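Hi,

Here is the structure I promised to pass on to you. Please have a look at it first, and then read on for my notes on what turned up.

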Amino acid sequence: MTEDIKETFRKQRSHQPVVKLSIVEERIEKLKRLREALIARTPELKKAIYADYRKSPTEVDLTEVYPCIVEINHAIRNLKSWMAPARVSTPRSLFGTRSEVRYEPKGVVLIIGPWNYPFSLVINPLVSAIAAGNCAIIKPSELTQNTSRFLKDFVGKLFKDKEVAVFEGDVSVTTALLTLPFDHIFFTGSPRVGKIVMEAASKNLSSVTLELGGKSPVIIDESADLAKAADRLTVAKFINAGQTCVAPDYIYVHEKMQGELVTQLKAAIANRYGSNPEDRRKNPDYCRVINSRNFSRLSQVLDESVKAGAKIEIGGERNESERYISPTVLTNVTVESPIMREEIFGPLLPVLTYRSLEDVYRYLRAQGEEKPLALYIFSEDRGRTEELLLNTTAGGTCVNQAILHLANPNLPFGGTGHSGVGSYHGVFGFRAFSHERAVLRQGRIDTFKMLYPPYTDKVVKMIERVTRYLS
Ligand code: NAD
């Protein structure tokens with residue numbers, strides 16, 4: 001396997017100059033082929049993901065196919081302007097020159113994917129990599145084996161491996177890939193593995209985009225419309241059974257509104273997923289936890305939190321053989337509760353209360369560099385919303401909504417601090433996979449040569465005069 005990887009890397013290195021020279025029409029043609037194949041093979045993709053963790057085929061359309069189509073269409077529409085050299089202005093000191101930024105492909109890139117959206121989280125970066133003119137090696141997650149197998153076949157039929165190749169396998173494969181001197185590494189996964197990737201990248205001075213995770217809070221202020229907030233949060237949290245990097249991790253609500261919020265959350269869960277435990281378990285729209293390790297982790301954190309005083313308001317039902325955990329809401333949770341220790345990444349939604357927003361700001365600031373990937377604000381008060389934005393930070397934010405910021409290709413998608421390095425989607429993805437090459441052209445009038453050595457009295461005076469003129 002290691003020899004295979006090295007051989008493919010060598011082939012991509014030697015083919016890269018050809019791909020680099022591809023013109024806009026050629027890159028668009030590749031994106032169109034990708035789109036057509038995706039549409040034609042969506043039924044197979046749905047089967048593969050269903051076999052991996054019983055995800056609803058409709059949710060596959062919504063969260064795997066649709067985002068890729070949006071990304072491809074957006075790239076096709078805008079690629080010409082993205083690829084065009086960007087003229088920049090010239091300072092007075094450089095009179096007689098012209099400057100521009102040119103976008104060159106980084107070269108041969110590595111894309112490492114997670115299991116939770118196993119298709120779109122490698123294909124979307126691939127769209128940016130192709131648009132920018134790169135060769136790419138993809139390493140999908142080993143936890144979604146059916147989808148990984150599908151990906152290998154899907155990509156294999158679209159591209160020669162000297163341009164795009166897929167390597168399936170476990171950590172040993174990722175480790176082998178990470179020894180190679182890629183021009184860029186695009187990683188989506190946990191902050192823990194993100195550190196491993198960054199350390200490996202440093203050995204070859206490869207640049208990195210790290211799309212990581214963490215706890216994404218929701219803050220609900222006193223002016224919020226609780227029925228709307230509860231409904232939107234229910235869908236954002238329980239889609240993919242909470243296994244979404246930007247899923248609302250926990251809710252902070254004003255203490256006097258907690259009762260009403262919980263009532264509304266119960267109603268929204270009943271409405272969206274079924275009014276009793278049996279209906280919810282049988283609901284075909286609600287998927288399973290990815291594997292038994294994650295099932296035990298979630299089960300344990302739920303039990304420990306209840307032991308520490310948390311109250312299950314709704315849900316809490318589990319079935320180990322099916323890896324089923326029902327949509328669950330917890331109250332009586334404090335920041336010391338076990339469920340607040342790390343990213344939940346499952347269908348458990350704790351509700352915490354505050355008396356003053358200062359308490360929330362203090363808690364979030366105390367997290368230091370563990371800045372959230374997303375933070376959601378529910379408020380009908382514009383001034384308060386602005387105050388909340390100014391006093392917090394996050395990779396991205398929705399106001400009176402959750403998750404949807406990642407669906408707008410005009411917005412950068414990425415984290416900050418421990419939630420990630422860099423961003424992608426749309427032009428931000430194109431730039432992540434491009435080198436911004438600075439080009440200055442000297443025109444006929446060369447004023448600079450008056451300042452060249454030898455530094456005679458005349459030149460010294462000229463430099464003094466220029467310095468005075470510029471300051
Ligand atoms: P993970 O970090 O365990 O795995 C991601 C990838 O890294 C997999 O391909 C895996 O094979 C590889 N990997 C695992 N251990 C490794 C090691 N020791 N050395 C080298 N490679 C290794 O993440 P996951 O469980 O697949 O996904 C869940 C995490 O990903 C969550 O933290 C979630 O928030 C985050 N995530 C982030 C985004 C985003 O866009 N920011 C999207 C989805 C998931």
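Let me start with a question: which element gives the most to the lining of the largest pocket? The answer is α7, with seven residues. Before I go further, please keep in mind that this is a predicted model.

**The chain as a whole**

The chain has 471 residues, and buried residues make up 52% of them. Its secondary structure comes to 15 helices and 18 strands. Along the principal axes, the C-alpha trace spans about 85 × 55 × 35 Å.

**The largest pocket**

Back to the pocket I asked about. The space in the largest pocket comes to about 1500 Å³. Its lining is made of 49 residues, and the closest to the centre are Gly 189, Ser 190, Pro 191, Arg 192 and Val 193. Besides α7 (191–204), the elements that each supply at least two residues of this lining include α6 (171–177), β6 (184–188), α11 (292–307) and α12 (357–366). By residue class, the lining of the largest pocket divides into 22 nonpolar, 14 polar and 13 charged.

The largest share comes from α3, with eight residues. At least two lining residues each are supplied by α3 (57–83), α4 (120–131), α8 (226–238) and α9 (258–273). The lining of the second largest pocket divides into 19 nonpolar, eight polar and five charged residues. Domain 1 and domain 2 both contribute to this lining, so the second largest pocket lies between them.

**Strand β15**

Next, a strand that may be worth a look on your screen. How many of the five residues of β15 (residues 374–378) are buried? Five of the five are, so β15 is largely enclosed by the rest of the structure. In a regular strand, side chains alternate between the two faces of the sheet. In β15 both faces are covered: Ala 374, Tyr 376 and Phe 378 are buried on one side, and Leu 375 and Ile 377 are buried on the other.

β15 has parallel pairings with two strands that I looked at. Strand β8 (residues 217–220) is joined to β15 by three bridges, with Val 218 standing opposite Tyr 376. Four bridges join β15 to β16, where Val 399 is the bridge partner of Ile 377.

**A three-stranded sheet**

There is also an open sheet of three strands, in the order β1-β2-β18, with antiparallel pairing. Its edge strands are β1 (86–88) and β18 (434–442), each of which pairs on one side only. On average, neighbouring strands of this sheet are turned by 30° against each other, direction ignored. Between β1 and β2 (residues 97–105), the antiparallel pairing runs over three bridges, and Val 88 stands opposite Ser 99 in β2.

**Two single residues**

Val 108 and His 184 are 76 residues apart in sequence, and their C-alpha atoms are 7.1 Å apart in space.

Leu 411 sits in the loop between β16 (396–399) and β17 (420–421). With a relative accessible area of 38%, Leu 411 is partly exposed. From Leu 411 to Arg 323 there are 88 residues in sequence and 35 Å in space, C-alpha to C-alpha.

That is what I have for now. Happy browsing!

Best wishes

Note on methods
Residues are numbered from 1 along each chain as its sequence is written. This is a predicted model: local features need pLDDT of at least 70, side-chain atom pairs count only at pLDDT 80 or more; totals for chains, interfaces and linings use all residues. Side-chain values use heavy atoms; hydrogens and water are left out. Two strands pair if DSSP finds at least two bridges between them. Axes are lines fitted to C-alpha atoms, for helices over the stretch in contact, and angles run from 0 to 180 degrees between N-to-C directions. On a 1 Å grid over the protein atoms alone, a cavity is a set of points where a 1.4 Å probe fits but cannot get out, and a pocket is an open set with protein on both sides within 12 Å along at least five of seven lines; lining residues have an atom within 4 Å of a point. Grid points are joined across faces, edges and corners, and a volume is the space filled by probe spheres set on the points. Ala, Val, Leu, Ile, Met, Phe, Trp, Tyr, Cys and Pro count as nonpolar, Asp, Glu, Lys and Arg as charged, and the others, Gly among them, as polar. Domain bounds come from an automatic or database domain assignment. Buried means under 20% relative accessible area, exposed over 50%, partly exposed in between (1.4 Å probe, protein chains only).
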